[in-house]
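This report is for a reader who is new to the structure shown below.

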Amino acid sequence: MSRTELSRTKPPPVPLGTLIGREIRNGKVEKPFVKYGQAGLAKKGEDYFLIRTDCLRVPGDASTAFSVFAIFDGHNGISAAIFAKENLLSNVLSAIPQDISRDAWLQALPRALVVGFVKTDIEFQQKGETSGTTATFVLVDGWTITVASVGDSRCILDTQGGVVSLLTVDHRLEENAEERERVTASGGEVGRLNVFGGNEVGPLRCWPGGLCLSRSIGDTDVGEFIVPIPHVKQVKLSNAGGRLMIASDGIWDALSSDMAAQSCRGLPAELAAKLVVKEALRSRGLKDDTTCLVVDIIPSDLPVLPPTPRKKHNMLTALLFFGKRSENSVNKATNKLSAVGVVEELFEEGSAMLTERLGKDFPLNKNSGIFRCAVCQVDQPPGDSLSVNSGPFFSPASNPWEGPFLCTNCRKKKDAMEGKRPSRTTVIA
């Protein structure tokens, strides 16, 4: 059965508001417990992680609490990973409108994550440093999980149905044909290292720069076709709960997703994280920084996550769960009901085109005389920058911009990521 045929078997989209309303009517309003564990071993010392369990959608209102878990696997130094750890969360939250309902907040998250990643990248490149980092960024709000990622750190979900699901997409050129095509179409070159005698060795890399990844934060010394625009996926668990595992490639180069999940089932999150790192070390040795976060989302009436039965992976179920593709992002429904009983798929998008990810309906106050850039969130008079929607400020290679207001620097960044300009972000001394 083809992927297209499988997609036809999915139930129709169900709006997130309908799902939340259904919970309220059924009395299922209690938030789950969130318990976590972290473990790691350092080889280069370039892995960083973020754990925040005290975040609030509404300041001072404990009922609006949510948690954030993230891993940043740096390369060519640690500065990009540290900068992302310290700034990404605030950049994401600043892109979400204030005084909106939980339903609207969750629906705004995917676009805010795109804005936050791009803004963090621009701000770091303005420092003039050349390191880069992956970023796998996870928000847990009740039973709803939203994951954004660039690079090859990974997040998996192990549900009570015994199915292990990927919530991220690896942006390794070696393994991602779509990303290879995008990089070359944007002006980059993809190939292996050439050694004496003309032999090619090692993984596929993009040139200039020689990076093995097609998406990251930072990497000022490589082409703009290495973009910070994340793959985003949002799902809603049933009240049976589930386990998230977020880890750098030091884990995934040693263990498959299924092996990692199965190695620690039945253990508390803290012990589970340590065991996964131990299994990776036993399998491959310490060849890279190895960091693992385990997050258990537990029903409020249970002290720990109940043991998951060991079941064989059902390929049909997996394809139905991941049947949604990244094409036609603007017209695609953002709320979808998964065919898997324990997971409802709400949103997934992986396009690297900022035009598609921001959309055309970005909030804008046209009556104030002051316009806010949709990416950097800076207010400025429209005469000092680009006009809203179409206007005279366009490079010859650009089509009229039909999206939200962008300042001059962010418009240049957008054009450069799409291969329309070779310039880098201006460095601030």
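Is Phe117 buried or exposed? Phe117 counts as buried, because its relative accessibility is 0%.

## Model and confidence

The model is predicted. The protein chain has an average pLDDT of 81, and 74% of the residues score at least 70.

Two stretches are to be read with care. Over residues 1–10 pLDDT stays under 50, and the model has 15 contacts beyond four places in sequence for them. Over residues 311–340 pLDDT also stays under 50, here with 77 contacts beyond four places in sequence. Where pLDDT is low, the predicted coordinates should not be read in detail.

## Nonpolar cores

The largest nonpolar core has 47 residues. Phe72, Phe117, Phe137 and Val375 are those with the most contacts inside it. Several elements give two or more residues to this core, including strand E2 (47–56), strand E3 (65–75), helix H3 (79–94), helix H4 (102–125) and strand E5 (135–141). Strand E6 (144–150), helix H10 (354–358) and helix H11 (408–417) also give two or more. The largest share, 11 residues, comes from H4.

## Aromatic rings

The whole structure holds 4 aromatic pairs. One of them is formed by Phe117 and Phe137: the ring centres are 6.5 Å apart and the planes stand at 90 degrees, so the pair is edge-to-face. Phe117 lies in helix H4 and Phe137 in strand E5, so the pair ties together parts that are 20 residues apart in sequence. Phe137 is buried because its relative accessible area is 0%, where the cut-off is under 20%.

Charged side chains also sit over rings. Arg57 lies over the face of Trp105, at 5.9 Å from the ring centre. Lys85 has its charged end over the ring of Phe49, 5.9 Å from the centre of that ring.

## Salt bridges

Side chains of opposite charge can pair when their charged atoms come close. In this model the count comes to 26 salt bridges.

One of these joins Arg265 and Asp158, with the closest N and O atoms 2.8 Å apart. Which parts of the chain does this pair tie together? Arg265 lies in the loop between helix H7 (257–263) and helix H8 (269–284), while Asp158 is in strand E7 (residues 154–159), so the pair ties together parts that are 107 residues apart in sequence. Arg265 is buried, and Asp158 is buried as well.

Arg243 and Asp296 form a salt bridge whose closest N and O atoms are 2.6 Å apart. Arg243 belongs to strand E13 (residues 242–247) and Asp296 to strand E14 (residues 290–298), so this pair ties together parts that are 53 residues apart in sequence. Both Arg243 and Asp296 are buried.

## A neighbouring pair and a network

Asp415 forms a salt bridge with Lys414, and the closest N and O atoms are 3.3 Å apart. Both residues of this pair, Asp415 and Lys414, are buried.

Which residues do salt bridges with shared partners join into one network? The network consists of Asp152, Arg172, Glu175, Asp249 and Asp253.

Conventions
Residues are numbered from 1 along each chain as its sequence is written. This is a predicted model: local features need pLDDT of at least 70, side-chain atom pairs count only at pLDDT 80 or more; totals for chains, interfaces and linings use all residues. Side-chain values use heavy atoms; hydrogens and water are left out. A nonpolar core is a set of buried Ala, Val, Leu, Ile, Met, Phe, Trp, Tyr and Cys residues joined through side-chain atoms within 4.5 Å. Buried means under 20% relative accessible area, exposed over 50%, partly exposed in between (1.4 Å probe, protein chains only). Helices (H or I, at least four residues) and strands (E, at least two) are DSSP runs, numbered from the N terminus. pLDDT is the predictor's confidence in each residue, from 0 to 100. Contact means heavy atoms within 4.5 Å. A salt bridge is a side-chain nitrogen of Lys or Arg within 4 Å of a carboxyl oxygen of Asp or Glu. Rings of Phe, Tyr and Trp (its six-membered ring) pair if their centres lie within 6.5 Å; planes under 30 degrees apart count as stacked, over 60 as edge-to-face and the rest as tilted. A charge sits over a ring if NZ of Lys or CZ of Arg is within 6 Å of the ring centre and within 35 degrees of the ring normal.
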